[in-house]
Amino acid sequence: MVDDKDAHLSDLYRETSREEPPAHVDQAVMELARRSVRRCTLTPFGNHWVAAGALAGICIVSVLLVVLLPEQGGAPDLPHTLQDADMPEPGAFAKRRYPKSVDDAAGGGMSGASEESDVARERFDFYSVMPEAEQQAPAGERVTPSITAPAPRQAAPVPMQSGRVAVYVLQIDGFSSLAQAVAMQDKLAFMRLDASIQQGDGTQTGYRIRVGPYTDLNELDRVQAQLDKRGIKSTRERVP
Amino acid sequence: MQDSDEDCMLRYADGELAAFQVLYERHRGSLYRYFLRQSPRDVAEELFQDVWTRVIQARSRYRPDATFRTWLYTLARNRMIDYWRRQGRDPLALSGNTDAVLYDAGEHPTGNPRRLADLRECLEQLLRLVESLPVLQREAFLLRHDAGMTLPEIAAALDTGAETAKSRLRYAMERLRAGLPEECLEGHEHG
């Protein structure tokens, strides 16, 4: 009797329990799986060139915007004007612990002993995925390319008083290992945010993540609020 | 013959994306519902993605020591526990209690069950009851009836013994039966 009722109950539950993940979640997971396979199958080479290419691309876009804006009759109407005083000074790259969940995402789960090095190797393998990477290499810190496919929407650029376009990124500090930074980068990818990992230079240790670049303050506000909502603390940095 | 989950995972580790697609298709619904029954929808989506991220990141280190499904739900449970802790709850603090205490814990979610003639109402009522089960019983129920796991697999995923897993499942079923009107348990025809 009880068994019969349990069987009916089980049937009833199966009848009602049919929810499935939404399409955008499926797409995000499959995209990550696809990228992950590509990382392994492509031959690694020239990380510095890739990094240099990414930086060069940002610079070229910035210069084009500066050149083109005056020809188009000046800046469009903007919700608010950039003031240098609004922006925080670029902060020192402080070593800070990230919340436990991120550590976990990069750390445990299986045997784990070589996880960090494995993840790091995969990430470096992935560098070779970036196309058109053979650009001139400006000096500076090492930058990894973004892993997300869609670049963030670039709305109206914000001109500074000098006529140059201000370019911003959101910086997330405090990753003591590359694996932690990679885990965060993947998390950001799920949020459809374009992020790159940077390694600290001589006086700074660890890794940091930069989200962007952005030239529209509204977009910057929106993304920072999105990060805050997920408990991810970020600071604004103006790209020189 | 259908490839096992473990074979699919090993093939994905070798770079075969199609093998991952098979795995994902097999488990996406039940894993999503595992989170959905225990957290708000936006949280469920985030935790669901987190688990698959970890699966993807760990593929090269995967060893089929346990079933893939057990491993998947161990990851899922860890993410769920992380979430509960962020909410200031620690469901594992209950682990030391006896199952009898767990069974007695909490008020009956529905009071005296009224008569429900309509199947749809039965379904809605059942979902509410499942979501209001004590955490440890709910886990066991979801792993059995959503993920389709065997008792040994449930015990492994919950990091407990088979007898304990069986007890939790039994108490969950008793609680659901008690909360559901009699006519809901008397043989609806389901498609």
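Start by selecting Val51(B), Leu72(B) and Ala140(B), the residues with the most contacts inside the largest nonpolar core, which has 61 residues. A nonpolar core here is a set of buried Ala, Val, Leu, Ile, Met, Phe, Trp, Tyr and Cys residues joined through C-beta atoms within 7 Å, and a residue is buried if 20 or more other C-beta atoms lie within 10 Å of its own, exposed if 12 or fewer, and partly exposed in between, with C-beta atoms placed from the backbone. The biggest contribution to this core comes from H2(B), with 9 residues. Colour domain 1 (1–89) and domain 2 (91–186) of chain B separately: both give residues to the core, so it lies between them; these domain bounds come from an automatic or database domain assignment.

Before going further, note that this is a predicted model, in which local features need pLDDT of at least 70 and side-chain atom pairs count only at pLDDT 80 or more, whereas totals for chains, interfaces and linings use all residues. Residues are numbered from 1 along each chain as its sequence is written, while chains are lettered from A and ligands numbered from 1 in the order in which they are written.

**Chain B**

Show chain B as a cartoon, and you will find 9 helices and 0 strands; helices (H or I, at least four residues) and strands (E, at least two) are DSSP runs, numbered from the N terminus. Of the 191 residues of chain B, 45% count as buried. Among contacts in chain B with a separation of 6 or more, 66% are between residues 24 or more positions apart, two residues being in contact if their C-beta atoms, placed from the backbone, lie within 7 Å.

Select next helix H4 (residues 68–86) of chain B, whose 19 residues reach 27 Å from the first C-alpha to the last, close to the 27 Å expected at 1.5 Å a residue; the expected span is 1.5 Å times one less than the number of residues. Its buried residues include Phe68(B), Trp71(B), Leu72(B), Met80(B) and Tyr83(B), and also Arg69(B), Arg77(B) and Arg79(B). What covers the buried residues of H4(B)? The cover includes helix H1 (5–13), H2, helix H3 (41–57), helix H7 (135–145) and helix H8 (151–157) of chain B. Just after H4(B), look for Gly88(B), which takes a positive phi of about 80 degrees.

Now return to Ala140(B) and display its contacts: leaving aside neighbours within four places in sequence, they are Ile154(B), Leu158(B), Ala165(B), Arg168(B), Leu169(B) and Ala172(B). Ala165(B), Arg168(B), Leu169(B) and Ala172(B) are among the buried residues of H9(B), a helix (residues 162–179) of 18 residues that reaches 26 Å from its first C-alpha to its last, close to the 26 Å expected at 1.5 Å a residue.

A last stop in this chain is Gly29(B), found in helix H2 (residues 17–36). Gly29(B) has 16 other C-beta atoms within 10 Å and is therefore partly exposed. Draw a C-alpha to C-alpha distance from Gly29(B) to Asp146(B): the two are 117 residues apart in sequence and 8.5 Å apart in space.

**The sheet of chain A**

Move to chain A and select the open sheet of 4 strands, which has the order S4-S5-S3-S6 with antiparallel pairing; two strands pair if DSSP finds at least two bridges between them. S4 and strand S6 (235–238) stand at the edges, each with a single partner strand, so one side of each is left without a neighbour in the sheet. Neighbouring strands are turned by 35 degrees against each other on average, direction ignored. Helix H7 (residues 217–229) of chain A packs on the sheet, touching S3, S5 and S6, and its direction makes about 25 degrees with that of S3(A). Axes are lines fitted to C-alpha atoms, for helices over the stretch in contact, and angles run from 0 to 180 degrees between N-to-C directions.

Select strand S5 (residues 207–214) of chain A, where 8 of the 8 residues are buried, so this strand is largely enclosed by the rest of the structure. On one side, S5(A) pairs with strand S3 (residues 168–175) over 5 bridges in the antiparallel sense; Phe175(A) has Tyr207(A) as its bridge partner, and Tyr168(A) has Tyr214(A). Strand S4 (residues 195–199) of chain A is likewise joined to S5(A) by 5 bridges and runs antiparallel, with Gln198(A) opposite Arg208(A) and Ser196(A) partnered by Arg210(A).

Finally, S3(A) also has 8 of its 8 residues buried, so it too is largely enclosed by the rest of the structure. S3(A) is joined to S6(A) by 4 bridges, running antiparallel, and there the bridge partner of Leu170(A) is Arg236(A).
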